[in-house]
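Please keep the sequence and the three-dimensional view at hand while reading.

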Amino acid sequence: MAKINLLTIHWGNCYGAVFQTYATCKMLEELGHEVTVINLIHNKVRAKFKHLKEYTNLLAHYQFWCFKRRYFPQMTKKMFVLDKQLLPDADYTIIGSDQVWNRNITSYQALNYFGDFADNKLVALSSSFGRKTWTEDSEYTNVVKSLLDRFVAISVREDSAVDILKDQFDLSSIQLLDPTLAYGKFLPLVKQGKRNNKVFCFTYNSTGEVGQIKIEVASALNLNLQPENFFTRRLNASPMDWLNNIYSSEFVITDSFHGVAFCLIYKKNFVVLCANKEKFTRLESLLKKVNLQNRVIQSLEDLHQRKEMLFEKIDYTKVDEILNQEREIYKEFLLKVIK
């Protein structure tokens, strides 16, 4: 089977980043491939420690480090600037998943995520632009076009990315699930049987009406909000804790793509808040695929007008049918592209 170097966004204390990396590696390994994670870290991670308050997160940093050490396959030496000499020989370089093609995130490393360093077969796996439209300047666009032309196969995570590749770069691609949903086998990572009757909230946006929406959702459902404070955010911040919080809760409120992904995996009832309309592309595409666009709450007024939606149980028979079909497409892509 093939030897693969995987470049993805796995750095930082981000639950989605570590779990999509974990899922990608597991799927490739189960097909018999040997995977090495390119341990390319962004300088912003190192820069955080210039601020004293970041040292209050040392336990969380340690918990994430432990997860990666235990569950990721072999990794290269840590790099802040990609060094080809540190990469093992490989048959393929896989780029993805996550927002690897969003220069607002990758910044000075952006072209690395288009495979500028690779001299083997390039494959994009559920890669994301993280936005609906391409707004880069012509010089950068031309460079990206020349790099994308080198890929032997391109798959993306959102339907809007298919359009960008076609309209902007005249390239065909296939839309695939995010790796967490494509893999789906996360029950071994949680404490099964441990449940509570609380509402778990995981939101990036805490401004405006968000706090009131959380309170009113919990009140309507006659459930308590799971405690969220300085200690829970630092002492119980490991990837496993986060999974357990979703799995064990009665209801979930989130504005996170991977928060929704794990709600679907664990068959939870949930609602989605829109943290940023410009960045809602990923969630919008996923909810459209599983026909759950009605789970989005746009505002406090919207909640008041559609409060009955909170009591509607999600039909996971239909959701699973869609996801299982998409998982087969994902597997077929891997089998066809990587020999």
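## Report on the predicted model

S160 lies in helix 6, which spans residues 159-169; helices (H or I, at least four residues) and strands (E, at least two) are DSSP runs, numbered from the N terminus. This is a predicted model, in which local features need pLDDT of at least 70 and side-chain atom pairs count only at pLDDT 80 or more, while totals for chains, interfaces and linings use all residues. Residues are numbered from 1 along each chain as its sequence is written, and side-chain values use heavy atoms, with hydrogens and water left out.

The term buried means under 20% relative accessible area, exposed means over 50%, and partly exposed lies in between (1.4 Å probe, protein chains only). Leaving aside residues up to four places away in sequence, S160 touches R131, K132 and T281; a contact means heavy atoms within 4.5 Å.

I9 is found in the loop between strand 1 (3-7) and helix 1 (15-30). Its relative accessibility is 6%, so I9 counts as buried. Beyond residues up to four places away in sequence, the contacts of I9 include A17, Q20, S97, V100 and Y113. I9 and L303 are 294 residues apart along the chain, and their C-alpha atoms are separated by 34 Å.

In what order do the five strands of the open sheet lie? The order is 8-7-9-10-11, and the pairing is parallel. Strand 8 (224-225) and strand 11 (296-297) are the edge strands, each pairing on one side only. Two strands pair if DSSP finds at least two bridges between them. Strands of a sheet pair through backbone hydrogen bonds, either parallel or antiparallel.

Strand 9 (residues 251-254) is covered on both faces: F251 and I253 on one side, and V252 and T254 on the other, are all buried. Strand 9 is joined by four bridges to strand 7 (residues 198-202), and the two run parallel. In this pairing, F202 stands opposite T254. Four bridges also link strand 9 to strand 10 (residues 269-273) in the parallel sense, with T254 opposite V272. Between strand 9 and strand 10 the chain passes through helix 11 (residues 257-265), and this β-α-β crossover is right-handed; that is, with the strands pointing away from the viewer, the path from the first strand over the helix to the second runs clockwise.

**Cysteines.** A disulfide is a covalent bond between the sulfur atoms of two cysteines. The search of the whole structure, which takes a disulfide to be a pair of cysteine sulfur atoms within 2.5 Å, finds zero disulfides.

**The largest cavity.** About 70 Å³ of space lies in the largest cavity. Among its lining residues are R157, E158, L177, F257 and R282. Which helix gives the most to this lining? Helix 12 (residues 281-289) does, with four residues. A cavity is a set of points on a 1 Å grid over the protein atoms alone where a 1.4 Å probe fits but cannot get out, and lining residues have an atom within 4 Å of a point.

Terms used:
On a 1 Å grid over the protein atoms alone, a cavity is a set of points where a 1.4 Å probe fits but cannot get out, and a pocket is an open set with protein on both sides within 12 Å along at least five of seven lines; lining residues have an atom within 4 Å of a point. Grid points are joined across faces, edges and corners, and a volume is the space filled by probe spheres set on the points.
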